[in-house]
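Hi there,

Here is the structure I promised to pass on to you. Have a look at it first, and then read my notes below.

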Amino acid sequence: MVAGVEELPNVVVADSGYWHTKQIQRLTADGIPILIRPESGLRTTPRPGWKGGIYDVMRRVLATEHGQALYRQRQHIIESVFGNTKHNRGITRFHRRGRAAVRTEWRLCMATHNLLKLHNHHLTGQAA
């Protein structure tokens, strides 16, 4: 592969905002399990029109003990990125105004975050 990643992920875990039915179906067809809540944590009832089929399957999987344990791990993965960005890199606020400008600034910050990870990975001698 282009990035040097040879193996597929064991499972994909994401917040409800990343729900996209066609992408979920494509990844599961490739044999990659997906865990994404159909509803956000604040919602107590299913979204209108989001009943049956893939939505109920996902709810059942997330209701199992194993599904809950896997889904809980996403918080540690994501929160460490925010903690590193704010504490270690000193990026505590955006310098530009407007949604598009903030999105661009955030993407730049995360691109440099990923480049630093790759650089440090290479320095430790773990590069292929």
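Leaving aside residues up to four places away in sequence, Met-110 touches Val-81 and Thr-85, where contact means heavy atoms within 4.5 Å. Before we go on, please keep in mind that this is a predicted model, in which local features need pLDDT of at least 70 and side-chain atom pairs count only at pLDDT 80 or more, while totals for chains, interfaces and linings use all residues. Residues are numbered from 1 along each chain as its sequence is written, and side-chain values use heavy atoms, with hydrogens and water left out.

Met-110 has its place in helix H4. Helices (H or I, at least four residues) and strands (E, at least two) are DSSP runs, numbered from the N terminus. Is Met-110 buried or exposed? Its relative accessibility is 15%, so Met-110 counts as buried (buried is under 20% relative accessible area, exposed over 50%, partly exposed in between, with a 1.4 Å probe and protein chains only). Met-110 and Thr-85 are 25 residues apart in sequence, and their C-alpha atoms are 8.5 Å apart in space.

His-113 is also found in helix H4, and it counts as buried because its relative accessibility is 9%. Again not counting residues up to four places away in sequence, His-113 touches Val-81, Asn-84 and Arg-89.

**How the helices pack**

H3 and H4 pack at an angle of about 100 degrees, and their axes are 12 Å apart. (Axes are lines fitted to C-alpha atoms, for helices over the stretch in contact, and angles run from 0 to 180 degrees between N-to-C directions.) That angle makes H3 roughly perpendicular to H4; the term covers 65 to 115 degrees, with under 35 roughly parallel, over 145 roughly antiparallel and the rest oblique. Val-81, Phe-82, Asn-84 and Thr-85 of H3 make the contact with Trp-106, Met-110 and His-113 of H4.

Helix H2 (residues 53-63) and helix H3 (residues 65-88) pack at about 90 degrees, with axes 5 Å apart. H2 and H3 are therefore roughly perpendicular to each other. Here Val-61, Leu-62 and Ala-63 in H2 meet Glu-65, Gly-67, Gln-68 and Tyr-71 in H3.

**The largest pocket**

How much space lies in the largest pocket? About 790 Å³. (On a 1 Å grid over the protein atoms alone, a pocket is an open set of points where a 1.4 Å probe fits, with protein on both sides within 12 Å along at least five of seven lines; lining residues have an atom within 4 Å of a point. The volume is the space filled by probe spheres set on the points, which are joined across faces, edges and corners.) Of its 18 lining residues, Val-13, Tyr-18, Ile-77, Ile-78 and Val-81 are the closest to the centre. H3 gives the largest share of the lining, 7 residues.

Happy exploring!
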